[in-house]
Amino acid sequence: MTAQLPLLPDDTFQRILCVVAHPDDLEYGTSAAIAKWTDQGIEVAYLLLTKGEAGMPNPPHETAAIRRGEQEAACATVGVTDLTMLDHPDGMLVYSLDLRRDIALQIRRFRPDVVLTTAFDVEVSWGLNQADHRAAGLATIDAVRDAGNPWVFSEQVSDGILLPHSPKWLLVASANKPTHGIAVTVEHLNRGIASLKAHEQYLAALPWHPNPEEFMPPFFQEEGASIGAEYGIVFQAFDLGS
Ligand SMILES: [Zn+2]
């Protein structure tokens, strides 16, 4: 029997910034954790680097509008009202200083003690990772460091209105090597499932997509087992010690 993973000290968390490439990226399990966190009074903000405009058969400007509305509905199911969606090109997101600059700016504005992103490995549990996810995750881990350095993207802090900021934790969802977990209730789990179902038109355009009510509960049970809970979510957590 393998050793159980420790629980995240989320009773110490105050503000969590979630940085991902697309609408829906947080809705494959992570949003159940977010439901728990907002219930605890933790402020959670989402930064989506693209509008997901290349994800449906519709013309991109139509898709962007649909996905904005669906992401707002997904956020509402888990208690999130702070949603920012940037204009980086969906499907063609590039790791760049521009991307790091945009993420660092949001870290300096929101001043989270925790930054959460998704796995940036080439290969992940569900198969070959998508290019935008790799770029988003890598840019996020670098922007976490950038945000604390007054000499990096110094124009953001030169007038003293924004200040450098160093988050205390970096969490990676869907990581190949999870280190910590949190237990969630059935109510959190159901809100997580509802948040994915909020992407209604997007999912309708993916006829092969499994039913969230069928595929998600076993996923929460499996991750719960690794922390000794009925339902759970696991993360690779980096204690940045600041
Ligand atoms: Zn995605």
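Modeller: In this text, a residue is buried when its relative accessible area is under 20%, exposed when it is over 50%, and partly exposed in between, with a 1.4 Å probe and protein chains only. The model is predicted: local features need pLDDT of at least 70, side-chain atom pairs count only at pLDDT 80 or more, and totals for chains, interfaces and linings use all residues. Residues are numbered from 1 along each chain as its sequence is written, and side-chain values use heavy atoms, with hydrogens and water left out.

Colleague: Which residues coordinate the zinc ion?

Modeller: Donors are N, O and S atoms within 2.8 Å of the metal (3.2 Å for Na, K and Ca); water is not among the atoms, so sites may look incomplete. In sequence the donor residues follow the spacing H-x2-D-x107-H. At 2.0 to 2.2 Å, the zinc ion is coordinated by His22 (ND1), Asp25 (OD) and His133 (NE2).

Colleague: Are histidine 22 and aspartate 25 buried or exposed?

Modeller: Histidine 22 and aspartate 25 are both donor residues of the zinc ion. By relative accessible area, both of these residues are buried.

Colleague: How many salt bridges does the count come to?

Modeller: A salt bridge is a side-chain nitrogen of Lys or Arg within 4 Å of a carboxyl oxygen of Asp or Glu. By this rule, the number of salt bridges is eleven.

Colleague: In which helix do glutamate 72 and arginine 68 both lie?

Modeller: The side chains of these residues meet in a salt bridge, 2.9 Å from N to O. Glutamate 72 is partly exposed at 41%, and arginine 68 is partly exposed at 31%. The two are four residues apart, about one turn of the helix, and both belong to helix α2 (residues 60-77).

Colleague: Which parts does the pair of lysine 197 and glutamate 213 tie together?

Modeller: Lysine 197 and glutamate 213 form a salt bridge, their closest N and O atoms being 2.9 Å apart. Lysine 197 is partly exposed at 38%, and glutamate 213 is partly exposed at 45%. The parts tied together are 16 residues apart in sequence, because the partners lie in helix α5 and helix α7 (residues 212-225).

Colleague: Which residues do salt bridges that share partners join into one network?

Modeller: Aspartate 39 and arginine 191 are salt-bridge partners. Through shared partners, one network joins Asp39, Glu187 and Arg191.
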